[in-house]
Amino acid sequence: MRCKVSAPTSIGLTCGSDRKSNDLGDWSTAKPVPGDYDGDGAYDQAVFDTQGGYWYIKSISGNSIAWANQWGWSTAKPVPGDYDGDGKYDLAVFDTRGGYWYIRSVAGPTILWKAQ
Ligand SMILES: [Ca+2]
Ligand SMILES: [Ca+2]
């Protein structure tokens with residue numbers, strides 16, 4: 001049985017759920033990428049799913065910061081950090097195939113695209 005994401009506002013699994021639209025597989029392909037993504041000074045729960053390159057981020061208090069935001073792919077390594085200095089961690093990946101960096105803010109704007 002495959003496990004599925006239980007709800008778009010929380011990080012968790014519900015095995016046997018019939019929510020096909022949220023069927024993202026199990027979490028064995030997800031890597032923890034903690035950081036302060038909303039800039040409140042506290043680290044947030046964040047994972048990067050290498051299968052599909054999706055980011056899932058929520059604060060410890062439960063607020064969804066980014067959910068199923070696609071930025072990356074299977075051969076990209078997540079390298080989160082605050083690259084533009086606005087106090088919020090950004091979604092950043094490093095492509096091991098060509099040594100390229102791709103960085104965008106959680107809010108959306110691209111900070112860096114395919115830079116070596
Ligand atoms: Ca935070
Ligand atoms: Ca930032």
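Trp 113 counts as exposed because it has 10 C-beta neighbours inside 10 Å, and the cut-off for an exposed residue is 12 or fewer. This assignment, like everything that follows, refers to a predicted model. Trp 113 belongs to strand E10, which spans residues 110–115. The strand as a whole is hardly covered: among its six residues, the count of buried residues is zero.

Trp 113 and Tyr 102 are 11 residues apart along the chain, yet their C-alpha atoms are separated by 4.7 Å.

## The E9–E10 hairpin

Strands E9 and E10 form a hairpin, with five residues between them. Within the turn, Gly 108 adopts a positive phi of about 135°. The pairing of E9 with E10 is antiparallel and extends over four bridges. In this arrangement, Trp 101 stands opposite Ala 115 of E10.

## The four-strand sheet

Strands E3, E4, E5 and E6 make up an open sheet, in the order E3-E4-E5-E6 and with antiparallel pairing. Its edges are formed by strand E3 (30–32) and strand E6 (64–70), each of which pairs on one side only. On average, neighbouring strands of this sheet are turned by 15° against each other, direction ignored. In general, the strands of a sheet pair through backbone hydrogen bonds, in either a parallel or an antiparallel manner.

Between E5 and E6, which run antiparallel, there are five bridges. Trp 55 has Asn 69 of E6 standing opposite.

## The largest nonpolar core

The largest nonpolar core contains 18 residues; those that touch the most other members are Tyr 37, Ala 46, Trp 55, Tyr 56, Ile 57, Leu 91 and Val 93. Two or more residues of this core are contributed by each of strand E4 (45–49), strand E5 (54–58), strand E8 (91–95) and strand E9 (100–104). E5 supplies the largest share, namely four residues.

## Contacts of Leu 91

Which residues does Leu 91 touch, not counting those up to four places away in sequence? The contacts are Trp 55, Asn 69, Trp 71, Pro 80, Arg 104 and Val 106.

Definitions and conventions: Residues are numbered from 1 along each chain as its sequence is written. Chains are lettered from A and ligands numbered from 1 in the order in which they are written. This is a predicted model: local features need pLDDT of at least 70, side-chain atom pairs count only at pLDDT 80 or more; totals for chains, interfaces and linings use all residues. A nonpolar core is a set of buried Ala, Val, Leu, Ile, Met, Phe, Trp, Tyr and Cys residues joined through C-beta atoms within 7 Å. A residue is buried if 20 or more other C-beta atoms lie within 10 Å of its own, exposed if 12 or fewer, and partly exposed in between; C-beta atoms are placed from the backbone. Two residues are in contact if their C-beta atoms, placed from the backbone, lie within 7 Å. Two strands pair if DSSP finds at least two bridges between them. Axes are lines fitted to C-alpha atoms, for helices over the stretch in contact, and angles run from 0 to 180 degrees between N-to-C directions.
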